[in-house]
Amino acid sequence: MSNQMHDHIVKSYDDEQRRLLDETLRMGEIAAAQLESALDVVQRRDDKAAERIIANDEAIDALEQEISHDVMKLALRGPMARDLREILAAIRIASDIERVGDYAANVAKRSTALNLSPPLPHVAGLHALGTLAVKQLRDVLVAYRDNDIELAQRVRDRDAEVDTAYTGLFRELLTYMMEDARSITACTHLLFMAKNIERVGDHATNIAENVWFLVKGDEPLPPREKRDATNTTASV
């Protein structure tokens, strides 16, 4: 094979890898924007905007399909070890981002049901939790873009903050329901929303771990702290 043809094949492969990265990052930004919008419509009690967010989830699903197609094309090119890690990381990260889009749509759907009840003060706590989750997602996308394992590790470690905020909101809502039975329906919707947002933090952590895999391969990850206490009797 001539050097010119080899250089062309390498450049073509590099271009396809760059396209794959760009598509994944674009998908991640759409998901982050969707989640921000969902948090906004909960505060504004805007049913029409919520419907738009729900409909926009199809764009994230379509991008995941595109990424899966591009991954298959690259995989058929006989990638080397590092290239294979990039392909595997991309498809895993795209799957995590798709779930984030689903959770944003779920929050928007719940908001329309929540709007049938009087406003609750705990919406502010939900927004604070969501702001943490959005930052986690945006930071981990930067870590993925830059192969920055230190930033990925910080995101992974900060998941404990998301867990703490979720546990605090969970306890507040349970207490409020016990004090006022009329709030049970609305608080239940908020509990489901909060769990969706907490799961966004978990998916950001998954992405951080895939950044580690991309850069470090099979080298073991350092341990991390978890603070979601809602599944223990101490949480109630």
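Reader: Which helix gives the largest share of the lining of the largest pocket?
Author: In this predicted model, that helix is α3, with four residues of the lining. Helix α3 covers 81-114. Alongside α3, both α1 and α4 supply at least two residues each.

Reader: What is the volume of the largest pocket?
Author: The volume is about 170 Å³.

Reader: Which residues line the largest pocket?
Author: Among them are Gln-17, Leu-20 and Leu-21. Arg-82, Glu-86, Ile-87 and Ala-90 also line the pocket. So do Tyr-144, Arg-145 and Leu-214, to name some others.

Reader: How do the lining residues divide into nonpolar, polar and charged?
Author: Seven are nonpolar, two are polar and three are charged.

Reader: Now the salt bridges. How many does the count come to?
Author: The count comes to 16. Let us take a few in turn.

Reader: How far apart are the closest N and O atoms of Arg-18 and Asp-22?
Author: They are 3.0 Å apart. A salt bridge needs such a pair within 4 Å, so Arg-18 and Asp-22 form one. Look at their places in the sequence too. Both residues sit in helix α1, which spans residues 3-44. They are four residues apart, so about one helical turn separates them.

Reader: Which residue forms a salt bridge with Arg-19?
Author: Glu-23 does, with the closest N and O atoms 2.9 Å apart. This pair also lies in helix α1, four residues apart, and so about one helical turn separates Arg-19 from Glu-23. Now check accessibility. Arg-19 is partly exposed at 40%, whereas Glu-23 is buried at 4%.

Reader: Which residues are linked with Arg-19 and Glu-23 in a network of salt bridges?
Author: Glu-66 and Asp-70 are. Together with Arg-19 and Glu-23, they make up the network.

Reader: What does the salt bridge of Glu-36 and Arg-138 tie together?
Author: Start with the distance. The side chains of Glu-36 and Arg-138 meet at 2.9 Å, N to O. Glu-36 belongs to helix α1 and Arg-138 to helix α4 (residues 123-146), so this pair ties together parts 102 residues apart in sequence. Glu-36 is partly exposed, with a relative accessible area of 38%. Arg-138 is partly exposed too, at 26%.

Reader: Where does Thr-205 lie?
Author: Thr-205 lies in helix α6, residues 184-216. With 1% relative accessibility, Thr-205 counts as buried.

Reader: Which residues does Thr-205 touch, not counting those up to four places away in sequence?
Author: Thr-205 touches Arg-156, Asp-159 and Arg-224.

Reader: Where is confidence lowest, and where is it highest?
Author: Begin with the chain. Its mean pLDDT is 90, and 89% of its residues reach 70 or more. Confidence is lowest in α1, at a mean of 84, and highest in α4, at 98. One stretch needs care. Over residues 4-9 the pLDDT is below 50. This stretch has three contacts in the model beyond near neighbours in sequence.

Reader: How should I read the predicted coordinates where pLDDT is low?
Author: They should not be read in detail.

Conventions
Residues are numbered from 1 along each chain as its sequence is written. This is a predicted model: local features need pLDDT of at least 70, side-chain atom pairs count only at pLDDT 80 or more; totals for chains, interfaces and linings use all residues. Side-chain values use heavy atoms; hydrogens and water are left out. Buried means under 20% relative accessible area, exposed over 50%, partly exposed in between (1.4 Å probe, protein chains only). Contact means heavy atoms within 4.5 Å. pLDDT is the predictor's confidence in each residue, from 0 to 100. On a 1 Å grid over the protein atoms alone, a cavity is a set of points where a 1.4 Å probe fits but cannot get out, and a pocket is an open set with protein on both sides within 12 Å along at least five of seven lines; lining residues have an atom within 4 Å of a point. Grid points are joined across faces, edges and corners, and a volume is the space filled by probe spheres set on the points. Ala, Val, Leu, Ile, Met, Phe, Trp, Tyr, Cys and Pro count as nonpolar, Asp, Glu, Lys and Arg as charged, and the others, Gly among them, as polar.
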